[in-house]
Amino acid sequence: MKNAVIGNNKQKANLIVLGAVPRLLYLLQQETSSTELKTECAVVLGSLAMGTENNVKSLLDCHIIPALLQGLLSPDLKFIEACLRCLRTIFTSPVTPEELLYTDATVIPHLMALLSRSRYTQEYICQIFSHCCKGPDHQTILFNHGAVQNIAHLLTSLSYKVRMQALKCFSVLAFENPQVSMTLVNVLVDGELLPQIFVKMLQRDKPIEMQLTSAKCLTYMCRAGAIRTDDNCIVLKTLPCLVRMCSKERLLEERVEGAETLAYLIEPDVELQRIASITDHLIAMLADYFKYPSSVSAITDIKRLDHDLKHAHELRQAAFKLYASLGANDEDIRKKIIETENMMDRIVTGLSESSVKVRLAAVRCLHSLSRSVQQLRTSFQDHAVWKPLMKVLQNAPDEILVVASSMLCNLLLEFSPSKEPILESGAVELLCGLTQSENPALRVNGIWALMTLCILANIADGTTAKDLIMTNDDILQKIKYYMGHSHVKLQLAAMFCISNLIWNEEEGSQERQDKLRDMGIVDILHKLSQSPDSNLCDKAKMALQQYLA
């Protein structure tokens with residue numbers, strides 16, 4: 001059987017259909033089976049798991065995981081290794097639920113104990129951990145069972161595979177986890193601190209996979225607050241390493257991972273954004289992400305070309321993400337990004353791509369650039385960005401809506417020339433819809449954007465916007481509803497609207513004041529003037545004065 005199935009997916013499927021799996025599992029668990037037979041069974045099962053995702057589903061349906069975990073209690077090392085190899089193959093498949101590793105509470109401590117048995121147990125167990133550690137609950141379980149102490153010394157193993165899998169473990173353990181990250185900073189391995197070991201592993205002479213994963217570890221520790229953003233290991237080592245990963249010499253997946261990790265590293269820190277923007281012509285280098293693959297002849301491997309064409313959208317997504325981070329705070333960087341060849345056209349095209357992830361990244365990038373007054377008045381207007389944006393807002397998933405509606409808020413500011421056409425293309429109805437969303441972030445954006453609509457008394461079209469709101473009872477009821485909301489930001493936004501509508505020096509203010517009084521707005525203002533929030537309290541008092549004047 002073993003010789004028939006190795007490397008032959010058709011034979012694997014045949015054996016599964018013929019019912020070989022329950023029989024193999026039966027022999028694997030039989031007390032009377034010899035250790036050699038049990039080991040061979042585990043090897044054949046591992047080979048079957050190497051096939052298609054459907055094969056893995058069939059194995060899971062036969063409850064292979066509990067059987068293999070039971071096998072780990074055997075005293076025989078070869079059998080244990082065969083079980084672990086099979087478990088590794090199954091857990092690294094996308095169809096296997098990670099939870100299956102955590103159902104039995106005795107499994108994790110037992111795996112920790114097996115780490116010392118051989119380099120194979122080390123490699124497979126670390127690989128299982130790094131694939132099955134998804135989110136804070138899993139991180140906590142592994143951390144509490146001594147993952148850091150048990151895995152740290154494997155970073156100096158003689159086996160490259162063990163070092164690599166241990167490194168991957170640390171990257172998933174540290175991700176968005178201050179507790180793990182703070183611990184890692186102080187761990188010593190052979191007299192050297194862990195961050196120093198990571199820095200050694202991201203030097204240019206190391207394999208790319210190792211450089212990238214070490215850079216991820218340091219990035220995650222930095223974002224979790226365990227390493228300062230101005231630390232040399234970030235500024236002089238991690239950041240330049242990630243920029244190197246973005247060059248067109250690298251493979252597609254390396255460029256994607258490099259750009260996404262760098263975007264995450266620099267996202268909250270303007271100084272890192274500035275340094276990255278002038279390292280190795282990064283802004284121009286990212287433009288190549290949209291021209292991929294640049295020359296078909298450069299890729300001699302047909303399989304590689306086919307793979308890359310299928311995954312080219314991931315490059316665009318990564319580039320948009322990194323541009324969004326680079327331009328988050330600095331006006332000069334935004335200008336550089338927008339002046340990069342065809343950049344606005346590329347973003348606009350990205351807004352209508354079929355991949356949700358690319359659309360989201362393009363909207364994020366646009367949102368980041370829309371923080372610039374200068375760009376809102378020029379590039380955004382020249383490219384009529386609002387048109388594709390309004391399209392994106394129709395029936396988009398929430399994650400896209402949140403960013404796209406924030407972006408719409410920026411386009412509706414009083415100095416934005418796109419404001420008029422946006423209002424004419426149905427923005428008010430759309431924003432009213434957002435204010436009724438179950439998602440609090442969308443409600444905030446909806447109300448903020450409606451407030452930009454009647455922002456200040458001195459806008460040329462101030463009266464138009466006011467009439468628009470005063471004749472729409474739906475909006476007025478919404479504003480009233482938000483004045484009494486539990487979220488202070490929403491109350492403030494609604495208060496801005498009211499203040500602008502009742503401002504005395506404005507034409508038609510008397511009629512607007514009367515209508516709002518009839519709606520019970522004055523009573524609410526009296527209530528709000530007693531608010532514990534000083535900002536809200538002041539706004540309410542100011543509004544009441546308009547009624548008295």
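Predicted model: local features only at pLDDT ≥ 70, side-chain atom pairs only at ≥ 80, totals over all residues.
Me: How many helices and strands does the chain have?
Reply: The C-alpha atoms of this chain fill a box of roughly 95 × 50 × 50 Å along the principal axes. As for secondary structure, the count is 36 helices and two strands.

Me: What percentage of the residues in the chain is buried?
Reply: A residue counts as buried when its relative accessible area is under 20%. The chain has 549 residues. The buried share of these is 55%.

Me: Which residues have the most contacts inside the largest nonpolar core?
Reply: In soluble globular proteins, nonpolar side chains tend to be buried together. Here the largest nonpolar core has 194 residues. Those with the most contacts inside this core are F170 and L326.

Me: Which residues does L326 contact, leaving aside its neighbours within four places in sequence?
Reply: Helix α20 covers residues 302–326, and L326 is one of the residues with the most contacts inside the largest nonpolar core. With neighbours within four places set aside, the contacts of L326 are I266, Q273, A276, S277, L282, I283, L286, I333 and I337.

Me: Is S325 buried or exposed?
Reply: S325 belongs to helix α20. Its relative accessibility is 6%, and the cut-off for burial is under 20%. S325 therefore counts as buried.

Me: Which backbone oxygen does the side chain of S325 reach?
Reply: Beyond four places in sequence, S325 is in contact with A263, I266, E267 and Q273. The side chain of S325 makes its approach at 2.8 Å, and a polar contact requires N or O atoms within 3.5 Å. The backbone oxygen reached is that of A263.

Me: What is the relative accessible area of R512?
Reply: R512 is found in helix α34, which spans residues 509–518. The residue is buried, because its relative accessible area is 6%.

Me: How far apart do the centres of the positive and negative side chains lie?
Reply: The chain has 56 positive and 61 negative side chains. The centres of these two sets are separated by 6 Å.

Me: What percentage of the accessible surface belongs to carbon and sulfur atoms?
Reply: The accessible surface of the chain comes to about 25000 Å². The part belonging to carbon and sulfur atoms is 52%.

Note on methods: Residues numbered from 1 in each chain as written. Heavy atoms only, no water. Helix = DSSP H or I, 4+ residues; strand = E, 2+ residues; numbered from the N terminus. Buried < 20%, exposed > 50% of the residue type's maximum accessible area, 1.4 Å probe, protein only. Polar contact = N/O pair within 3.5 Å; in protein donor to acceptor, adjacent residues only side chain to side chain. Contact = heavy atoms within 4.5 Å. Core = buried A, V, L, I, M, F, W, Y, C linked by side-chain atoms within 4.5 Å. Areas by Shrake-Rupley, 256 points an atom, 1.4 Å probe, with all protein chains shown as cover. Lys, Arg positive; Asp, Glu negative; His and termini not counted. Charge placed at Lys NZ, Arg CZ, Asp CG, Glu CD.
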